[in-house]
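Here are a few notes to go with the structure you sent over.

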Amino acid sequence: MFGWAGTILRVDLTKGEITKQPLSREFAKNFLGGRGFNNKIIFDEFDPSITNPFDPANIICVSPGALAGTFTPSSGRLTVSVALSPRQHFMSDGNCGGHFAAETKYAGYDSIVIKGQSDSLVYLYINNDHVEIRDAKHLAGKRIEEADSLIRAELGDPDVQTLIIGPAGESRAVTSMPFAGCSRAPGNSASGGVWGAKNLKAIAVRGTKGVQVAKPAEFFKLYEGIYKRNTSDPLYQAKWSTEGSKWLLELVGSFAHNNQGDTASISRTDLSAKNFLENYGVKSRACHACHTHCGHYWRIKDGPFAGAASDSAEAGTIGPWTEFLGIDRADAGLYLSYLATDLGLDAGGTAANIAALIHMFQDGLLSEKDTGGLILEWGNVDLIIKLLEMTVQRQGIGTLIADGHEAIAEYAASGKASLEEIKRKYIRYTKKGVPIWYDARGMTGAMFSLSLKTRLIDVMSVDFAFTGAPIDREELLRLDMEPELVDELIQNKVMDLSTFKGKSVAMVFYDNLFMVSDSIGVCRRTTPWEWQHFSIHDMASFLSAATGLDFSWQDLYRSGARLAQVQNAMLSRQKIGRDYDVLPAKWLEPKYWEGFGEIVTNKAEFDKEVDQYYKLRGLNSNAVPKRAALEELGLHDVADVLGAEGFYKEEAVTAEP
Ligand code: SF4
């Protein structure tokens, strides 16, 4: 098989069984790889009546994208999914870079599907055709870097790539996840607890088979073209390849201060990209085949965290660990970022839980009796370090942090206040369980997408203007976007921050684009959304040259819609409907934004735009994909499952003459 490796690896931890299933060409063509494979495998194989995420029947899918292992720019992305997330209570996924995805393809696998539960701690070792479940009792409680070193030493192979949970996953913290290469987080999957429940500490993979490309000469030419177009663009040089995402902190950090409690002007000097590069950055770091190299190795030279060094820090991790918790020191942000990663904790979700507790304590809702004598206060780095350690050990108040935002809200409300009021005031999560550590009020695209989508990164689903990315037709065309799509976006004024109108159009566009990029394994950061010349027709060209199949950009765009509908259908089966597509209550309150005045959220307009999104997507009023919408995309089997489960009774009645 060209492009794909041709095999799905299946592991049953209860029986200790390993099987290899040939990948069908039809399945590969329709669902591409990565997120697309995971969504469809889970849809087909998971019983949605199971509601305990730690049930052995829960499924973990780890899939590289279709282009992983080739030198398609930024094609090292990996999707890690769980059928039932402990934090979100539905199918959830996260996506990360690094080198694990490419290595998995080199070993010969397009997906690793894990079910069951081992009766003791194990890790999965894959070395080309040799696949083995190995004892991991000696790795119990180990942090990620130490576990990684021990696995490499034990296997005697420095080139092995790992995906590991830390003590947080073993203790089933709902904000835990596995990390690839010790620092790359498939954020939002919150799947670490499921790994812990299955007694799966890690996957270590080594592959030497390479990937067969159907048209190598064409592939080289495509690569040369895209490399030149990007590296000669001054916008590329100015931001991502130099500063990574750190520059975003200067913007976003100010919307996060003290659990989003105070958005007045605050000093951001220490958190600036300039400060990072001058005082901490050692050199840039790239994921597999990525010319953008947005990551950085960093080292702290002096002060209380002197000697700490890692590559685990970007805006999405430093932000939650600094201003969100009232901390304005870059060294503390970097250190906390590193520590949380090494323990196996997600930054946004864990920080949101801690921020809620500090906020409650400051308001007198919690006392030292609740915290075991700890004074919870803003800006106290030592306190955060202690709370992180208590979280993974499930000690005292750390148990609440590990159990998540819902447990915190219920604890605080018990006998003292209404649950709804507690959530509105202190909990910074959307109803779909996405941590929102910064305040998006006033940024309608970000508000719209964050309220509806299942991942924080899906803020990218709408808001060009949020990051100051290109905002006019000429700029989008200059970045080689397809004129038809550009015109549709421009006509619907998707960049207008003052209104929710048009955001449904942007969301459909980005749903489709990012479903494709997550499935072929290309990084969102290298798309036009972030000023790069890598649009959907480029993706189609690379995929065609790699697989030898003929993909037009329209085919791929349609694939994106197909993959989005599989996810929508699965969420419907897991009882996630219209009542989950709501604005977080906090964002319904007006706020004063310096330079812009008072910002008032127009809820009626938001609700109308949600209806419009459902219409564009072919969803009914409860977010269930309609039969016709599924069948139009070739998803007859998905429609049949929904039909058999009773979702279309109403449609049938309505259709009667
Ligand atoms: S843009 Fe950054 S995160 Fe994305 S693949 Fe490249 S180096 Fe990795």
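1. At least three residues from each of domain 1 (7-206) and domain 2 (267-426) contribute to the lining of the second largest pocket. Please keep in mind that this is a predicted model.

2. The second largest pocket has a volume of about 240 Å³. It is lined by 18 residues, and the closest to its centre are Gly 181, Cys 182, Ser 183, Arg 285 and Asp 311. Two helices, α4 (144-155) and α14 (330-343), each supply at least two residues of this lining. By class, the lining of the second largest pocket has three nonpolar, eight polar and seven charged residues.

3. For the largest pocket, the volume is about 550 Å³. Of its 26 lining residues, Glu 420, Lys 423, Tyr 429, Thr 430 and Lys 431 are the closest to the centre. The elements giving two or more residues to this lining are α19 (405-413) and α20 (419-426), and α20 provides the largest share, three residues. The lining of the largest pocket divides into twelve nonpolar, five polar and nine charged residues.

4. Helix α2 (residues 34-45) is worth a look too. Its twelve residues should span 16 Å at 1.5 Å a residue, and the end C-alpha atoms are 17 Å apart, which agrees.

5. How many of the twelve residues of α2 are buried? Ten of them are, so α2 is largely enclosed by the rest of the structure. The buried residues of α2 include Arg 35, Asn 38, Asn 39 and Lys 40, along with Phe 37, Ile 41, Ile 42 and Phe 43.

Note on methods. Residues are numbered from 1 along each chain as its sequence is written. This is a predicted model: local features need pLDDT of at least 70, side-chain atom pairs count only at pLDDT 80 or more; totals for chains, interfaces and linings use all residues. Side-chain values use heavy atoms; hydrogens and water are left out. Helices (H or I, at least four residues) and strands (E, at least two) are DSSP runs, numbered from the N terminus. The expected span of a helix is 1.5 Å times one less than its number of residues. Buried means under 20% relative accessible area, exposed over 50%, partly exposed in between (1.4 Å probe, protein chains only). On a 1 Å grid over the protein atoms alone, a cavity is a set of points where a 1.4 Å probe fits but cannot get out, and a pocket is an open set with protein on both sides within 12 Å along at least five of seven lines; lining residues have an atom within 4 Å of a point. Grid points are joined across faces, edges and corners, and a volume is the space filled by probe spheres set on the points. Ala, Val, Leu, Ile, Met, Phe, Trp, Tyr, Cys and Pro count as nonpolar, Asp, Glu, Lys and Arg as charged, and the others, Gly among them, as polar. Domain bounds come from an automatic or database domain assignment.
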